[in-house]
Amino acid sequence: MRVALDAMGSDNAPSAEIGGVNLALAELPDLEVTLVGRQEMLEAARIRHRDRVELVPAPEVVGMHEAPNEALKRKRNSSIAVCMELHNTGKVDAVVSAGNTGAVMAFALTRLGMIAGIHRPTLGVLFPRITGSVLVLDVGANVDSKPQQLVQFARMGATAASYFLRKVNPSVGLLNIGREDSKGNDLTLNTYRLLRESDLNFIGNVEGNEILAGNVDVVVCDGFVGNVLLKYGEGLAEVLRELVKEYYATRSRYRLRRRLSRPVFEEFLGRMDYQEHGGALMLGVQGTVVVAHGRSTPRALKNALKTAAQASRDNLSLHLAEAIPPESPSPQT
């Protein structure tokens, strides 16, 4: 199993990427990594397990604020572009990047192509809940979506959840402002009707609180709502961690009880941390691509590599192609 990692993607590149590679290789004995980036920076890096790491030079870097279309034209030798080309030619099994999300999507679409019948790709992230996890999509690939596209997201999400959550016929819910089928805007009302008519295990509308406390396996929403939800969840976890630190720093006669309870709190906060899952899985392209957060830490990138490796082992892209009818009509724009 070989995964290409964009070594120039994160805010702390390439040190965060190098740290993530070292952690991932230590945990996954069958993993090999192709690090793509500026040659002089990679050659100077402290990489363990050198026999399982290949360095591939890429002289250009796509900045976080560069327009994806401009990057496609002007940064054809960027680390993102080289990663996608390696995947397209079969030299790697998956790609991970913490770089410019729009550019990652643009190069994935042009170098790898879309699965036949898919209207648009989507980004899915596993959110923690009281028991297990829930797959939420779209979390930012598409700001505006059509009802037919959300139905495809739901179908792709259900297929992905069946492998990542190891569930047969996972349940699907539509994120809405109420559970009643009469609630919502035109998008959710029309999507509800299409999902109800589909062969998916659709359980109806779900509200925001059910993402963390409910029993639904897949939650579907448009990318605007999903991205706001994702950023709120990341911020909530950080606030909770700071509150716990503040709590343990205050004086109390129950110091021993606090010390004994700290591991429990740390485990709980770890489940809420975005670093636990590492990144968003891009569904709909002909390949395996994981988009990590720009401020990813080595731990987050380690988990992004693990996610990519699992998706590739499960042949998720192939199963998505089988789940989507090639003749799916394109929605009117």
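Beyond its neighbours within four places in sequence, Ser 145 is in contact (heavy atoms within 4.5 Å) with Arg 120, Leu 150, Phe 153, Leu 187 and Asp 222. The model is predicted: local features need pLDDT of at least 70, side-chain atom pairs count only at pLDDT 80 or more, and totals for chains, interfaces and linings use all residues. Residues are numbered from 1 along each chain as its sequence is written, and side-chain values use heavy atoms, without hydrogens and water.

Ser 145 sits in the loop between β6 (133-137) and α6 (147-164). Strands (E, at least two residues) and helices (H or I, at least four) are DSSP runs, numbered from the N terminus. Is Ser 145 buried or exposed? Ser 145 counts as buried because its relative accessibility is 12%; buried means under 20% relative accessible area, exposed over 50%, with a 1.4 Å probe and protein chains only.

Now the sheet. An open sheet of 11 strands runs β3-β2-β1-β4-β11-β10-β5-β6-β9-β7-β8, with mixed pairing. Two strands pair if DSSP finds at least two bridges between them. The edge strands, β3 (53-57) and β8 (201-206), each pair on one side only.

Look at one pair inside the sheet. β4 (residues 94-97) and β11 (residues 289-292) pair in the parallel sense over three bridges. Val 96 has Val 290 as its bridge partner in β11. Helix α4 (residues 79-88) packs on the sheet and touches β1 (2-6), β2 (32-37), β3, β4 and β11.

Terms used:
Axes are lines fitted to C-alpha atoms, for helices over the stretch in contact, and angles run from 0 to 180 degrees between N-to-C directions.
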